[in-house]
Amino acid sequence: MIARRKKVRIETERLSLRLPVHSDFRAWSWLRDSSAEFLQPWEPVWAGDHLTRKSFTNRVYWAQRSVAQGTALPLFLIRRSDDTLLGAITLDNIRRGPAQAGTLGYWIGQGHTRQGYMLEAIQAIGHYAFRELDLSRLEAACLPENIASRGVLEKAGFKYEGVAQSYLQIGGRWRNHVLYAMLRADRRGRTDAG
């Protein structure tokens, strides 16, 4: 029996959110490399082979396996007007059973910021997660000083929930992160804490 690959494609007004494919390598490596100074303060330290074809090939296979197993939904943001790769968004750590939750992570190339693309992507993946995947809760975390990331989460409907001490290693050291969540049936009012 041959296993069929799940094809996930989410269309928005300006974007196609889809799984990475091998032919994305050049666009991905160029975007990551040209945006490295912009991205690295907010991310774990890049491995020495981060921008290599082999590393990217491993990402593509991981994405395919994750979708097939239902554990993650790693998608590229492709601008529909010119088929340009803008960044990526991943719904990861999908938990079933009583949790029905997942964790959101994302990045965008430096030249594509402040144009509403990530807000559009977050709203689309939230809709997909609640409607198609039947999740109840989406979580996200970012560094407290990452004002842009906090702002896009809040605009998308995520609410501040607190601070996680030593949450992730960023730039080679353990860093606190502010935690946000969006609920499928959210009756909480706007929170100004944090």
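**Exercise 1.** State where A63 lies in this predicted model, and decide whether A63 counts as buried or exposed.

*Solution.* A63 has its place in helix α3, which spans residues 53-69. The relative accessibility of A63 is 1%. Buried means under 20%, so A63 counts as buried. Next, take its contacts, leaving aside neighbours within four places in sequence: A63 touches L19, P20 and P74.

**Exercise 2.** Determine whether S55 is buried or exposed, and list which residues S55 is in contact with beyond its neighbours within four places in sequence.

*Solution.* S55 is found in helix α3. Its relative accessibility is 12%, so S55 counts as buried. With neighbours within four places in sequence set aside, the contacts of S55 are D49 and H50.

**Exercise 3.** Describe how helices α4 and α5 pack: at what angle, and how far apart are their axes?

*Solution.* Helix α4 covers residues 117-131 and helix α5 covers residues 147-156. The angle between them is about 45°, and the axes are 9 Å apart. Angles under 35 degrees count as roughly parallel and those of 65 to 115 as roughly perpendicular; α4 is therefore oblique to α5. The crossing of α4 past α5 is right-handed.

Now identify the residues that make the contact. From α4 come M118, L119, I122 and Q123; from α5 come V152, L153, K155 and A156. Sorted by class, this contact of α4 with α5 has six nonpolar residues, one polar and one charged.

**Exercise 4.** Give the order of elements along the protein chain, and say how many helices and strands the chain has.

*Solution.* Starting at the N terminus, the order is β-β-α-α-α-β-β-β-α-β-α-β-β. The count is five helices and eight strands.

**Exercise 5.** Compare the radius of gyration of the protein chain with the value for a compact globule.

*Solution.* For 194 residues, a compact globule would have a radius of gyration near 16 Å. The protein chain has 16 Å, so the two agree. The box filled by the C-alpha atoms, taken along the principal axes, is roughly 45 × 45 × 30 Å. As for burial, 44% of the 194 residues are buried. Last, consider contacts with a separation of 6 or more: 60% of them join residues 24 or more positions apart.

Terms used
Residues numbered from 1 in each chain as written. Predicted model: local features only at pLDDT ≥ 70, side-chain atom pairs only at ≥ 80, totals over all residues. Heavy atoms only, no water. Axes fitted to C-alpha atoms, helices over the stretch in contact; angles between N-to-C directions. Helix = DSSP H or I, 4+ residues; strand = E, 2+ residues; numbered from the N terminus. Parallel < 35°, antiparallel > 145°, perpendicular 65-115°, else oblique. Left-handed = near helix turned anticlockwise from the far one by under 90°. Contact = heavy atoms within 4.5 Å. Nonpolar A, V, L, I, M, F, W, Y, C, P; charged D, E, K, R; others polar. Rg over C-alpha atoms; globule rule 2.2 N^0.38 Å. Buried < 20%, exposed > 50% of the residue type's maximum accessible area, 1.4 Å probe, protein only.
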